[in-house]
Amino acid sequence: MDPAGNLRNDIEAALRRPNLTAWQRTFLADIYARLERSGGQARLSDKQWRKISEILGRPNNVIALPSRPIVRDTSRRQPWKLYRPRFGRVGRRLKWRSRNLVIGFLFIAAVAITQQVFEFGQGQSQSAPATARTSLNHEFTVTDGDTVHVVGEAAGTRLVGFNTPEKFSPQCEYERQLGELASARLRELVAGGSTQLTKVACACAAGTEGTIKCNHGRSCGTLLVDGKDVGSILISEGLAVPFVCGTMNCPPTPRPWCRG
């Protein structure tokens with residue numbers, strides 16, 4: 001900035017000139033003071049150099065300065081950055097593709113896990129067995145001879161493969177009495193053995209299961225007591241009749257108890 005003090009000497013000579021304006025004199029005095037404080041190393045802007053050249057009357061308003069080497073401070077750089085290999089555009093492209101592949105794999109894994117959890121939940125709610133042993137009878141209750149109600153569910157579960165007499169809407173008094181006996185017998189079976197309630201698909205049109213159009217909104221299931229189907233037991237005791245449905249529909253419900 002101030003090679004060998006030449007600039008300070010020139011400013012000092014200029015300050016002795018009587019023709020300087022007050023602004024020029026103040027400007028040069030400020031630059032001179034800055035050079036004195038910094039030992040000639042003060043940094044001046046291009047605009048300041050132009051003004052100095054103009055006031056001092058230098059040729060072409062240019063002051064030649066020695067070139068300064070550019071020194072980069074690497075003391076603050078982290079060691080891993082100092083030795084990090086540089087791969088250029090190809091390396092950056094590979095890094096970008098690798099990152100996208102990792103993100104893609106993570107997304108696919110998350111979707112797969114979510115789907116498995118969802119399918120597992122569906123399987124648990126539709127086809128997994130709901131068991132009730134003697135000490136766990138509170139898991140489901142008996143509604144009538146062919147219907148139970150799982151605790152926590154809104155609708156009951158219709159047991160498939162057989163039909164028992166109605167005790168709530170009988171066609172005759174005899175049917176009501178048999179319906180009461182069938183309900184009592186089912187409660188006795190549940191209380192006296194190891195039971196297993198398994199949900200199965202209802203014989204309904206696709207998309208209607210769980211609605212009022214399919215089995216009055218009830219789910220369907222089979223109930224085993226000590227490994228034996230309760231329907232077969234009730235049929236053998238004259239408290240039920242076979243009632244086998246197809247894949248998507250059922251025949252008329254058999255109710256032979258009030259005939260003749």
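Author: The protein chain has seven helices and nine strands; these are DSSP runs numbered from the N terminus, with helices (H or I) of at least four residues and strands (E) of at least two. This is a predicted model, in which local features need pLDDT of at least 70 and side-chain atom pairs count only at pLDDT 80 or more, while totals for chains, interfaces and linings use all residues. Residues are numbered from 1 along each chain as its sequence is written, and side-chain values use heavy atoms, with hydrogens and water left out.

Now to the pocket. Rolling a probe the size of a water molecule over the atoms shows where empty space is left. Here the search uses a 1 Å grid over the protein atoms alone and a 1.4 Å probe; a pocket is an open set of points with protein on both sides within 12 Å along at least five of seven lines, and a lining residue has an atom within 4 Å of a point. The largest pocket holds about 570 Å³ of space, a volume filled by probe spheres set on grid points joined across faces, edges and corners. Its lining has 30 residues, and those closest to the centre are Arg158, Asn215, Phe243, Cys245 and Cys250. By type, the lining divides into 16 nonpolar, eight polar and six charged residues. In this grouping Ala, Val, Leu, Ile, Met, Phe, Trp, Tyr, Cys and Pro are nonpolar, Asp, Glu, Lys and Arg are charged, and the others, including Gly, are polar.

Which strands each supply at least two residues of that lining? They are E4 (157–159) and E5 (161–163), and E5 gives the most, with three residues.

Strand E4 also leads us to its neighbours. E3 and E4 run antiparallel, joined by two bridges; two strands count as paired if DSSP finds at least two bridges between them. Val148 stands opposite Thr157 in E4. E3 and E4 form a hairpin with six residues between them, and Gly152 in the turn has a positive phi of about 100 degrees.

On we go to E2. Strand E2 (residues 140–144) pairs with strand E3 (residues 147–150) in the antiparallel sense, over four bridges. Thr141 stands opposite His149 in E3, and Asp144 has Thr147 as its bridge partner there. E2 and E3 form a hairpin too, with two residues between them.
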